[in-house]
Amino acid sequence: MEGVLNQLPIGLSIGAVLLLIALGLTFTFGQMGVVNMAHGEFIMAGAYTAYLLQGVGFLIALPAAFVVAGLMGLVLERTLIRRFYGRPLDTLLLTWGVSLMLQQLARDLFGAPNVQVASPAWLRGGVGILPYNRLFIMALAAASVLAIWAYMNRTGQGRRMRAVMQNRRLAATSGIDTGRVDQRTFFIGSGLAGVAGVALTLIGPVGPTLGTYYIVDAFLVVVAGGLGQLRGAVLAAAGLGLLNSYAEFWSDASLAKVVVFVAIIGFLQVRPQGLFFVRSRALT
Amino acid sequence: MTEALLEIRSLEVAFGGFRALDGVDLTVGRGELRFLIGPNGAGKTTLIDVITGLTRPTGGSVRFEGHDLLGRREHEIVRLGVGRTFQTSVVFEELTVLENLDLAASFRRPLWSLLRRRRGVSEEVTAALETTGLASLAGSKAGVLSHGQRQWLEIGMLIVQRPRLLLLDEPVAGMSSGERERTGELLTEVARDHTVIVVEHDMDFLRRYASQVTVLHEGRVLTEGSVEQVRADPRVQEIYLGRAREGAEDAVR
Amino acid sequence: MTAPAVSVRRWQGPAAFAAVFSAVAVLALVAAPLLLEPFRLGLLAKYLCYAIVALGIGLAWGQGGMLTLGQGVFFGLGGYAMGMYLKLNDAAGDLPDFMVWSGVEKLPALWKPFGNPVFALAMVVVLPVAVALLLGTLVFRQRVRGAYFAILTQALAAALVILLVGQQGLTGGTNGLTNFFDFFGRDVAADETQRGLYLLVAIVLGALYLGARQLVRSRFGRLLLAVRDGEDRVRFLGYDPATVKTLTFAVSAGMAGIAGALFVPVVGIISPALLGVVPSLELVVAVAVGGRFALAGAVLGAVVMGYARTYFSEELPDAWLYLQGALFVLVMTLAPSGIAGLAANLVRRREART
């Protein structure tokens, strides 16, 4: 019984990390039709930022990683992705090329072996079955979601972002500078991946291929949650995190991913467009 | 009185809280050319979407030649003999005009027979090329066609499928007057041996080609009758002209 | 305006195709075995195996618009089916060597039927096709498509790799299946056998290419293009796009399965590292580089990228990932229809000038 309960914080914290990663994916996918495979390398960049800032203070690493990863995303958007709007499959392959280069860059800068980031002392230990590091990750994700929600619903920038997401052409003709909105979305989405990278340093080592372990699952969150949907992403991420950890617990680690895959396919039989979606009459 | 081909009873469609169709009854007889008009948001396209399986209604029934259409998938409805066009015409740009028509004409062939290459051109495809006036463009990719030609190709693709009911959604929207004329002729020709429902905004077009008209308003059938009857109906004048007047007053204010 | 179109058609006519195809066939079947030393011929055989997978990707993605990032799964199913037979054949009634090492005492039930060569060879095609049919039916019927489909196929590849690695006793884990000796009565490592295998791979590729070409040029091929460009419109022509896509996906899976089975005796190993997310994506990249809209482009891309990878990882191992990534970015940005697209443009331009 204790084992079952122990899986709960593990599953939820993995879900929280997936959520941080998936938020950026779902917005860039929903708003711009961009499938960004290099998103995983933004996670890695965030994690290495935390590695470099060890000793400076963990809480400084968070905003720093946000900015580093966000700027990387911004550069990617401005230089390459901008030319590929409306061609999601091509962006997928394009960004994979970028992802390869970033992984090699990390290898050249930090070496191929994994490195360990020392957790701050105040995150060691825990209460009962709840380790502080996992609690912190959940709190971090919750705070990020709240911030994103407030940004989207309470600020002019956020409203413009939602407008572009729902109808790009109409938004453009209403005088919204969609290019700027895209840049901001990309910055924020990529930045969140950086934050996720910092969170991951609390539960494991950092390596050049860190992102590749999470990107596939994060995309599955987008598929299951529905496009550009905050609440869908939250539920899907929590569900997927829990499903992952419990499937590992009850079967074994090698079967867990197969179980998750089958579950997603099964879920799509009931909700083919994900948990939440916007009804549209358009024939796409 | 002609025999009913399409019978729609108390059809309801809701998008969230918005009732797009609110109890529509409509009967279309075999061989009729029926025009469906109404202001924006009246539910015309929604009605066509429901008949062709694109939108699921919240209530009511749609019967076509004794078959219940509700709950069937789009291609199954087409196979029963209901064809449609869309407001923005969609033809396959990478295929030639001929290939577009041939593909449309082959839909009843068993799938395995499609594995053979096309040899020659079937009679119905040749006929459709003539009817639509696209014979000289048969070998061109559909991507190079003008807006009007695309609409005709779409209508041609419908004809070769020999549907028992054709639904045309705003076939002359965005067309030049020459193209309208040509489309009107095509329509009259098609209507000779098909049952056709046309959604149209264009009043001139309506006056020239319509016989029976159904007016939809706010998700309900407002009235039905000949063009003259409908035009004389004060309620129809109210929704078309009354709105215009309000708009004018708004502008003055 | 019409003149160049006619002359391009002359270039692409049946006679020209027959000429080019025969020339390539002579080059591949006669010249290559005579001129290449065994090691290089083995490499070419390996690239041609990848070309078979690429052909399937060209069909599914280029013609059908289904970006499949999980062809490694089908390649792996075919490869493991072949590998299991070869292992059992070599063990001659005993347990395969790796099972002994990982402490397995009794042959797992899953393995038993693979001792029969007919069953194993059938499974090379049946397994991938069955998985593709099942996945395609479930996914395409629900109108899950585009990037969603790509992501799901990628997730499947990731899941399969983890499964294979984890089930050490059943699959050989990370090492996969290797150390084969006997291939249908011949020493699999002998130059003679390898030359024969090379010819077999080349002939299979040629035959599958012709088959795929016929498919593309048939009415079904037109329908497939129509589904790619306007799936929803196809529904209103009375066709079910899900069926068209599922069948095409299954064909491409079958091709990958055959390629995997041929790969095993040619290279001597099948392991998770050969069929995960990265190798699957690399083949898609190769198809994009070669030209996804032409079947020949897909084949060409797989061979060119195979050579590039070997050359650069021998000469400039550190730079290969940068080069591969950069090449990919360049192709997607500057020449989205790849080498085949560039060549077609060149021919068209030359024809236009004369």
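Analyst: One term first: pLDDT is the predictor's confidence in each residue, from 0 to 100. This is a predicted model, so local features need pLDDT of at least 70 and side-chain atom pairs count only at pLDDT 80 or more, while totals for chains, interfaces and linings use all residues. Residues are numbered from 1 along each chain as its sequence is written, and chains are lettered from A and ligands numbered from 1 in the order in which they are written.

User: OK, where in chain B does pLDDT stay under 50?

Analyst: Over residues 245–253 of chain B. The model has zero contacts beyond four places in sequence for them, a contact being two residues whose C-beta atoms, placed from the backbone, lie within 7 Å.

User: And which helices of chain B have the lowest and highest confidence?

Analyst: Confidence is lowest in α9 (residues 234–252) of chain B, with a mean of 60, and highest in α3(B), at 94. Helices here are DSSP runs of H or I with at least four residues, strands are runs of E with at least two, and both are numbered from the N terminus. For chain B as a whole the mean pLDDT is 86, and 94% of its residues reach 70 or more.

User: What should I do with the low parts?

Analyst: Where pLDDT is low, the predicted coordinates should not be read in detail.

User: Switching to chain C: how many helices and strands does it have?

Analyst: Chain C has 15 helices and four strands. Its C-alpha trace spans about 75 × 50 × 40 Å along the principal axes.

User: What does UniProt say about chain C?

Analyst: An unreviewed UniProt entry places "transmembrane region" features on chain C, including residues 118–140 and 320–344. Those positions are given in the numbering used here, feature names are shortened, and annotations may be inferred rather than shown by experiment. In the model, residues 118–140 of chain C are 100% helix and 0% strand, with end C-alpha atoms 32 Å apart. Residues 320–344 of chain C are 88% helix and 0% strand, and there the ends are 29 Å apart.

User: Pick a residue in there. Is C:A81 buried or exposed?

Analyst: C:A81 is buried, because 25 other C-beta atoms lie within 10 Å. The cut-offs, with C-beta atoms placed from the backbone, are 20 or more such atoms within 10 Å for buried, 12 or fewer for exposed, and in between for partly exposed. By that count, 50% of the 354 residues of chain C are buried.

User: Where does C:A81 sit, and what is it in contact with?

Analyst: C:A81 is in helix α4 (residues 71–91) of chain C. Leaving aside neighbours within four places in sequence, its contacts include C:F114, C:M123 and C:A261.

User: How does chain A meet chain C?

Analyst: Through 33 residues of chain A and 38 residues of chain C. On the chain A side, α4(A) gives the most, 13 residues. That side divides into 23 nonpolar, six polar and four charged residues; Ala, Val, Leu, Ile, Met, Phe, Trp, Tyr, Cys and Pro count as nonpolar, Asp, Glu, Lys and Arg as charged, and the others, Gly among them, as polar.

User: And what follows α4(A)?

Analyst: A:G111, whose phi is positive, near 85°.

User: Last one: how many residues do chains B and C put into their contact?

Analyst: Chain B gives 24 residues and chain C gives 19. On the chain B side, the largest share, four residues, comes from α2(B). By class, that side has eleven nonpolar, four polar and nine charged residues.
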